[in-house]
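Please have the sequence and the structure open while I speak.

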There are 4 protein chains.
Amino acid sequence: MSAKHPSRRGPKKALRRGRKPKEGRPQEILAAAFEEFAANGYAAARLEDVARRGGIAKGTIYLYFKDKEGLYRAMVRSLIYPALGTIAGLVDSPSGSAEELLRKLISGHYALVVRNKKARDILRLLIAESGKFPQLSDIFHREIIEPGLSTLRRILEKGVASGEFRKAKINDFPQILIAPGVLATIWFMMHGERHRLDLDAYMGAHIEFVLNGLRKRGEHS
Amino acid sequence: MSAKHPSRRGPKKALRRGRKPKEGRPQEILAAAFEEFAANGYAAARLEDVARRGGIAKGTIYLYFKDKEGLYRAMVRSLIYPALGTIAGLVDSPSGSAEELLRKLISGHYALVVRNKKARDILRLLIAESGKFPQLSDIFHREIIEPGLSTLRRILEKGVASGEFRKAKINDFPQILIAPGVLATIWFMMHGERHRLDLDAYMGAHIEFVLNGLRKRGEHS
Amino acid sequence: MSAKHPSRRGPKKALRRGRKPKEGRPQEILAAAFEEFAANGYAAARLEDVARRGGIAKGTIYLYFKDKEGLYRAMVRSLIYPALGTIAGLVDSPSGSAEELLRKLISGHYALVVRNKKARDILRLLIAESGKFPQLSDIFHREIIEPGLSTLRRILEKGVASGEFRKAKINDFPQILIAPGVLATIWFMMHGERHRLDLDAYMGAHIEFVLNGLRKRGEHS
Amino acid sequence: MSAKHPSRRGPKKALRRGRKPKEGRPQEILAAAFEEFAANGYAAARLEDVARRGGIAKGTIYLYFKDKEGLYRAMVRSLIYPALGTIAGLVDSPSGSAEELLRKLISGHYALVVRNKKARDILRLLIAESGKFPQLSDIFHREIIEPGLSTLRRILEKGVASGEFRKAKINDFPQILIAPGVLATIWFMMHGERHRLDLDAYMGAHIEFVLNGLRKRGEHS
DNA sequence: CATGAATGAGATTTCATTCAT
DNA sequence: CATGAATGAAATCTCATTCAT
């Protein structure tokens with residue numbers, strides 16, 4: 001069960017000071033909360049474990065968050081909002097062909113989401129708890145999904161305009177283009193390391209397939 | 001139905017109380033358990049509510065299941081095993097072109113999974129609780145995913161052999177073909193009815209895109 | 001601090017059965033709750049002690065009462081409502097002079113309230129917690145005070161009508177007649193047995209004084 | 001254990017911060033404590049609220065008082081001791097008839113206690129917490145009740161000596177004379193403003209009744 | 001002197017599980 | 001077989017008290 005009374009009294013402050021000088025208490029708590037919630041889900045997570053993980057006492061959590069629910073909401077928000085920036089950064093270079101941009105976006109999706117345990121964990125929480133916390137799912141949709149789809153849509157339009165891509169129904173549902181990445185994410189969520197998936201090859205197939213479906217007939221594979 | 005826990009004593013069920021003469025007690029409990037677990041997740045579901053929903057007393061559950069965990073496992077199993085049959089049935093007709101079969105499979109996926117709340121619920125549980133119940137995810141993988149992938153693979157091979165489809169990396173990862181369906185499923189899980197998705201059009205785009213990516217160059221759109 | 005796990009398992013039921021066969025569980029809990037709340041006040045009373053006193057487990061309380069507040073309210077109500085009957089019984093005999101009735105009422109007040117620890121305790125709770133539970137004070141007022149005042153008023157009117165008592169301002173405030181009893185009650189509440197009060201003599205003085213103040217001039221002392 | 005806790009360091013208070021130049025820190029805290037304790041009772045009062053009300057930090061309380069209990073005791077004492085003076089002042093004029101003095105005393109009781117929310121609050125606390133703090137009730141008895149009774153007794157004796165009042169049992173229990181005032185106090189405690197009582201008329205009836213009971217037969221009403 | 005972040009004991013409340021009927 | 005009252009371990013949350021600054 002590992003050390004149960006982690007650093008009681010005195011040393012704590014001293015330890016802390018040298019540890020993460022830039023982050024505040026609330027951030028540390030949110031980080032600890034994320035680990036617990038991700039590992040156990042909302043209902044099964046114990047605030048005592050959050051505290052232990054954060055190296056603080058139970059009561060300290062309540063100095064910064066109203067209750068378990070408040071902590072959970074704050075935690076999810078703290079992960080969703082900053083994520084937007086990362087996504088936007090994927091295709092900030094306006095130069096390059098549509099295909100180039102699409103390749104960047106898709107491989108970025110793999111690097112930042114599919115292969116990123118933290119991203120998968122937060123996604124799992126959003127799926128698992130969307131019944132109890134629909135607002136959080138809505139925030140996620142508004143802050144991440146919608147901007148992401150917009151970006152995709154713009155790339156598709158650019159490709160169509162430049163003659164790279166053909167015009168097709170898919171332009172109305174750009175999410176189809178990254179669906180294989182989402183599926184891989186779910187795959188990892190459910191099977192973790194138990195059922196391996198050769199992600200490099202998978203992503204290669206994904207990109208090849210997507211481009212093949214988009215390109216105008218007669219072009220090279 | 002192989003699962004041993006429930007239905008230990010086949011007889012007697014048909015003749016009790018005349019309530020639901022065809023289903024046995026354990027089945028009723030499993031049905032009630034599914035509703036509760038699906039609505040609240042494993043940890044937050046209360047056995048008292050399962051009992052109430054099943055019209056029985058709390059203690060009765062323990063006559064058929066060892067404990068909450070046993071009930072949950074039995075419930076998930078009872079949903080996974082029979083599901084295989086339905087899937088297999090989708091493309092049982094060996095006749096028809098590969099494209100025909102693929103269309104059938106994909107639209108079947110939409111009808112049976114994407115549009116099916118029960119299927120989505122069980123999938124959500126598998127995702128949400130895969131940390132606590134990895135064996136169940138494994139069963140799901142073995143009984144549903146693997147057979148499904150095999151079927152897809154066979155269709156692809158048939159299509160390649162018949163010259164309908166081209167040879168591509170995607171043949172190694174047939175799941176990519178139904179990925180858009182999975183994404184739609186996740187979409188519904190997370191947003192329910194709050195962010196609509198025109199499923200008919202979406203499926204149309206999905207199928208068009210998939211076939212377009214598979215067909216050999218120079219064929220009709 | 002005495003025996004902490006009072007009669008755990010087995011014996012409990014057996015003991016119970018032979019103890020108070022007529023009263024139900026909720027009544028037993030209410031009785032235990034009264035003792036605890038009376039001894040410590042609402043906020044300082046611990047439900048664990050209520051349970052211990054009732055020979056039951058903490059959780060059992062929640063089978064019958066929603067929460068601590070619900071238990072408290074139910075307890076106060078269970079004491080207030082039946083009390084009315086006792087009061088009414090004091091002067092049910094319509095025969096006798098007004099003086100006779102008044103003597104009966106006052107001495108009844110001493111016997112049933114002033115000298116009755118249980119009555120004093122509930123009164124103390126009503127006073128102490130009237131800020132947090134004003135409805136309970138209102139019930140008390142409606143069920144006990146008002147009927148009591150009515151009775152007093154009727155006696156006064158009868159006395160005036162029969163010529164025993166003189167007409168005076170006091171008829172509008174009959175509570176003045178039993179005020180000395182209330183003062184004695186408060187005295188006991190505050191000082192318990194530490195500052196004795198010769199209640200027999202006190203009540204004698206009270207009655208003598210009241211009757212002296214009511215009687216018409218020129219009559220015997 | 002006497003009064004030492006608070007005001008240990010007399011000087012310095014007048015010159016701090018210019019907030020309330022005449023009162024010292026401890027006094028401000030006691031005032032804030034009174035409001036909180038009066039509003040919620042001892043157990044339910046939160047020291048954090050006391051601090052907030054006093055415009056100080058939680059820790060500051062502990063600079064002047066040992067703990068919550070010490071604060072409470074000091075607060076009650078600080079209210080009881082000075083009260084004596086006010087009472088004594090009521091009938092300091094040795095001149096006047098006994099009736100005059102009695103009228104003064106009773107109406108003083110109404111002005112200073114019955115109509116005085118602060119006095120009622122402290123009385124309620126004494127009643128509510130007499131189980132937990134019997135010493136405070138004793139102090140109250142010694143400092144307030146006993147002197148008050150002595151004063152009453154002296155007036156009665158003076159009245160008897162001067163022939164104004166008759167000799168009666170009541171002389172042994174002078175508290176009976178102000179009992180109606182106490183009852184009105186309790187009435188206000190319990191019902192606040194919800195069940196009005198015409199205090200002017202009530203007091204009139206009280207005084208009339210008391211004097212009527214005391215005067216010798218044959219005198220005017 | 002004063003602060004207020006941090007602590008952790010303790011109180012309330014929930015709920016899986018048991019078992020006498 | 002079925003019940004549901006009862007249990008008590010465990011989780012959430014509060015708040016008096018401490019102490020580094």
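Let me begin with a term: helices are DSSP runs of H or I with at least four residues, strands are runs of E with at least two, and both are numbered from the N terminus. This is a predicted model, in which local features need pLDDT of at least 70 and side-chain atom pairs count only at pLDDT 80 or more, while totals for chains, interfaces and linings use all residues. Residues are numbered from 1 along each chain as its sequence is written, chains are lettered from A and ligands numbered from 1 in the order in which they are written, and side-chain values use heavy atoms, with hydrogens and water left out.

Now the pocket, where a pocket is, on a 1 Å grid over the protein atoms alone, an open set of points where a 1.4 Å probe fits, with protein on both sides within 12 Å along at least five of seven lines, and lining residues have an atom within 4 Å of a point. The largest pocket has a volume of about 1,100 Å³, a volume being the space filled by probe spheres set on the points, which are joined across faces, edges and corners. Its lining comprises 42 residues, and D:Ala83, D:Ile87, D:Val113, D:Phe140 and D:Ile144 are the ones nearest the centre. Which helix gives the largest share of that lining? It is H4(D), with nine residues.

Turning to chain C, helix H8 (residues 134-162) packs on helix H9 (residues 175-191) at an angle of about 125°, the axes being 10 Å apart; axes are lines fitted to C-alpha atoms over the stretch in contact, and angles run from 0 to 180 degrees between N-to-C directions. H8(C) is therefore oblique to H9(C), since angles under 35 degrees count as roughly parallel, over 145 as roughly antiparallel, 65 to 115 as roughly perpendicular and the rest as oblique.

Finally, the copies, superposed by least squares on the C-alpha atoms of residues with pLDDT of at least 70 in both. Chain C is superposed on chain D by a rotation of 180° with 0.0 Å of shift along its axis, at an RMSD of 0.2 Å, and the two copies are thus related as by a two-fold rotation axis. In chain C, C:Gly213 comes closest to that axis, at 2.0 Å (C-alpha). For chain B on chain A, the turn is 180° and the shift 0.0 Å along the axis, with an RMSD of 0.1 Å, and B:Gly213 is the residue of chain B closest to the rotation axis, at 2.1 Å (C-alpha).
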